[in-house]
Amino acid sequence: MMQTSVPSSHTLPGLNNLLSRYAEGMMWLARYSERIENLARLLEVTEGFVRGPDGQTGWDSIIQINSDETPFYALHTEATEANVVAFYVTEMANPNSIKSMAHAMRENARAVRPLISTEMWTHLNMFTRWVLELQFSDIRQHSLSSICNRLKQDCQTHYGVTEGTLYRDQAWLFYQLGKQLERSDQITRLIDIRYHTLLPTGEKAGSEIDSTQWASILRSAAAYHAFWRIQPIATTPANVVGFLLKNDGFPRSLAVCLEVFDSTLSVLAGHNSLRRLCGPIQERVAYLRVTLQDQTADDMIIRGLHEYMQWIQTQIAHIQNDIAQAFWPPVALVESSQTQVQQ
């Protein structure tokens with residue numbers, strides 16, 4: 001779900017003169033930054049830890065996580081290390097590559113330049129320039145791991161600079177919404193694909209997987225250290241899935257992401273007449289949180305973890321669409337609404 005441009009500007013009622021294109025730009029700035037970091041971590045962990053049932057490095061799992069089978073095989077014949085790394089790091093023909101997303105991140109930052117701090121802009125400018133100049137030969141020369149480490153560190157620096165310098169107005173709220181929505185989507189995709197592709201052929205969901213493979217799932221979510229702090233002995237499918245989905249102390253768990261998203265949306269709804277726009281979105285998020293709270297990890301696995309993860313991803317897509325329709329609808333829709341008000 002890529003976004004590389006912003007719509008023509010208009011101001012929605014009650015938005016305190018925050019242009020819709022600014023709200024959209026802030027949300028996608030956060031989503032792209034989060035997506036680049038997640039993808040860099042996936043590539044690094046896959047290279048070092050992920051092995052499929054046949055013992056080979058599971059490069060194809062990255063393609064499945066991102067639902068990129070069609071565009072990947074339109075450009076490449078097989079999922080080798082070189083092909084997957086090029087596709088996801090340097091190929092501009094892939095809109096989901098790190099280079100393409102860095103370009104989109106830069107364009108969104110340029111669109112919201114009046115809102116973001118000088119420190120944010122300076123760091124984003126240097127970071128995206130480095131990524132856009134990156135060539136596949138650079139990866140070969142410096143190693144995939146070192147490239148991924150720099151990508152992760154630069155994204156984390158962006159979060160730190162943003163946290164410390166971005167003014168806490170509606171622009172900050174839309175940035176937060178984008179960040180938490182992207183994290184929710186990524187964690188469910190990771191669990192869905194990695195969990196099932198790592199199962200030995202013929203095994204059912206809930207079967208034991210080699211501890212090294214469980215570690216790869218946790219490392220892919222930046223959860224390895226946090227998990228072992230509270231689960232030093234037992235490593236079971238339910239423990240790992242439960243931690244990544246339901247733990248209230250891990251900042252990337254689905255439960256925490258939805259909680260922060262919900263509270264941020266509540267603050268946004270308190271701004272003038274925005275409650276009407278936020279109401280339907282809040283209802284969808286509340287229902288999503290209830291379904292997560294009302295079942296254990298064992299319940300999810302027994303009832304069908306794959307189906308539940310796909311349902312959540314569908315709901316996240318609906319939430320993004322609901323936000324777009326509420327805060328930056330097509331110009332024709334806005335003009336029609338304004339005409340009705342005048343009448």
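**Around Ser253**

I started at Ser253 and, skipping neighbours within four places in sequence, found it in contact (heavy atoms within 4.5 Å) with Phe243, Leu244, Leu245 and Asn247. Ser253 sits in the loop between helix 12 (237-246) and helix 13 (254-269); helices here are DSSP runs of H or I, at least four residues, numbered from the N terminus. Is Ser253 buried or exposed? It's buried, with a relative accessible area of 0%; buried means under 20%, using a 1.4 Å probe and protein chains only.

Housekeeping: this is a predicted model, where local features need pLDDT of at least 70, side-chain atom pairs count only at pLDDT 80 or more, and totals for chains, interfaces and linings use all residues. Residues are numbered from 1 along each chain as its sequence is written, and side-chain values use heavy atoms, with hydrogens and water left out.

**Leu244 and the core**

Next I followed Leu244. Beyond four places in sequence, its contacts include Ile187, Ala221, Arg252 and Ser253. Leu244, Leu43 and Phe327 touch the most other members of the largest nonpolar core, which has 101 residues. Such a core is a set of buried Ala, Val, Leu, Ile, Met, Phe, Trp, Tyr and Cys residues joined through side-chain atoms within 4.5 Å.

**Val161**

I also checked Val161, which is in helix 8 (residues 144-165). Not counting residues up to four places away, Val161 touches Glu119, Met120 and Leu166.

Terms used:
Buried < 20%, exposed > 50% of the residue type's maximum accessible area, 1.4 Å probe, protein only. Helix = DSSP H or I, 4+ residues; strand = E, 2+ residues; numbered from the N terminus.
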